[in-house]
Amino acid sequence: MAQRNLLCCNLADENIAVPLERVVGVVEGGLVTPLPWTAAGFEGLVEAIGQVMPQVNLAAILGVREAKGGILVVVSDRGGSLALRVRQASAMIQVDGDTLASTAVRARERNPLYVAEIRHQGEIYNILDLDLLATDESLQVTAPDGAVMLAGAGPETIPAETVDESQIPFLLLEIAGER
């Protein structure tokens with residue numbers, strides 16, 4: 001009888017569970033640095049747990065209504081870490097892994113990124129396949145052959161509070177010798 005440890009999280013309209021062995025930490029959302037030419041599910045870069053990583057709009061990828069703000073569930077990925085934005089983390093639970101196989105087909109029909117589902121305190125939680133999520137098309141940018149991707153100007157916003165610019169995380173890129 002294999003036990004699975006899960007972190008239960010809530011989005012606005014959906015409950016998800018993340019395998020606890022892949023969770024690095026749960027932190028409050030921070031300042032997001034948007035990048036041009038990124039996929040819809042990629043909100044930008046954020047500093048969490050002492051490292052800069054991609055912040056993922058989990059609700060957008062799953063096709064459910066999203067709540068503003070939220071917290072970040074930092075999960076380990078083959079290439080580093082991902083910060084999944086959720087409304088809240090609600091519980092850490094342990095379930096019998098053998099019972100998950102019977103719910104796999106129903107969960108995958110609901111969304112290909114779900115591995116199985118569980119019932120916790122009367123609510124259904126869908127277990128995320130983090131490996132599929134990390135390679136999902138909504139996080140990949142692909143352009144047709146020969147296409148040129150142009151940056152679009154975003155709306156100008158004035159920060160609500162003054163930010164100490166020495167503390168803003170950023171990514172420095174060098175392309176053809178230009179910084």
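Residues are numbered from 1 along each chain as its sequence is written, and side-chain values use heavy atoms, with hydrogens and water left out. As the model is predicted, local features need pLDDT of at least 70 and side-chain atom pairs count only at pLDDT 80 or more, whereas totals for chains, interfaces and linings use all residues.

The chain contains 3 helices and 11 strands, taken as DSSP runs numbered from the N terminus (helices: H or I, at least four residues; strands: E, at least two). Their order along the sequence is β-β-β-β-β-β-α-β-β-β-α-β-β-α. Of the 179 residues, 36% count as buried, that is, under 20% relative accessible area (1.4 Å probe, protein chains only).

The whole structure holds 1 cavity of 30 Å³ or more; a cavity is a set of points on a 1 Å grid over the protein atoms alone where a 1.4 Å probe fits but cannot get out. The largest cavity has a volume of about 70 Å³, volume being the space filled by probe spheres set on the points, which are joined across faces, edges and corners. Its lining residues (an atom within 4 Å of a point) include Leu 11, Asn 57, Arg 65, Glu 66 and Arg 87. At least two lining residues come from each of α1 (58-62) and β8 (80-86). By class, the lining comprises 6 nonpolar, 2 polar and 4 charged residues, with Asp, Glu, Lys and Arg counted as charged, Ala, Val, Leu, Ile, Met, Phe, Trp, Tyr, Cys and Pro as nonpolar, and the others, Gly among them, as polar.

Notes:
On a 1 Å grid over the protein atoms alone, a cavity is a set of points where a 1.4 Å probe fits but cannot get out, and a pocket is an open set with protein on both sides within 12 Å along at least five of seven lines; lining residues have an atom within 4 Å of a point. Buried means under 20% relative accessible area, exposed over 50%, partly exposed in between (1.4 Å probe, protein chains only).
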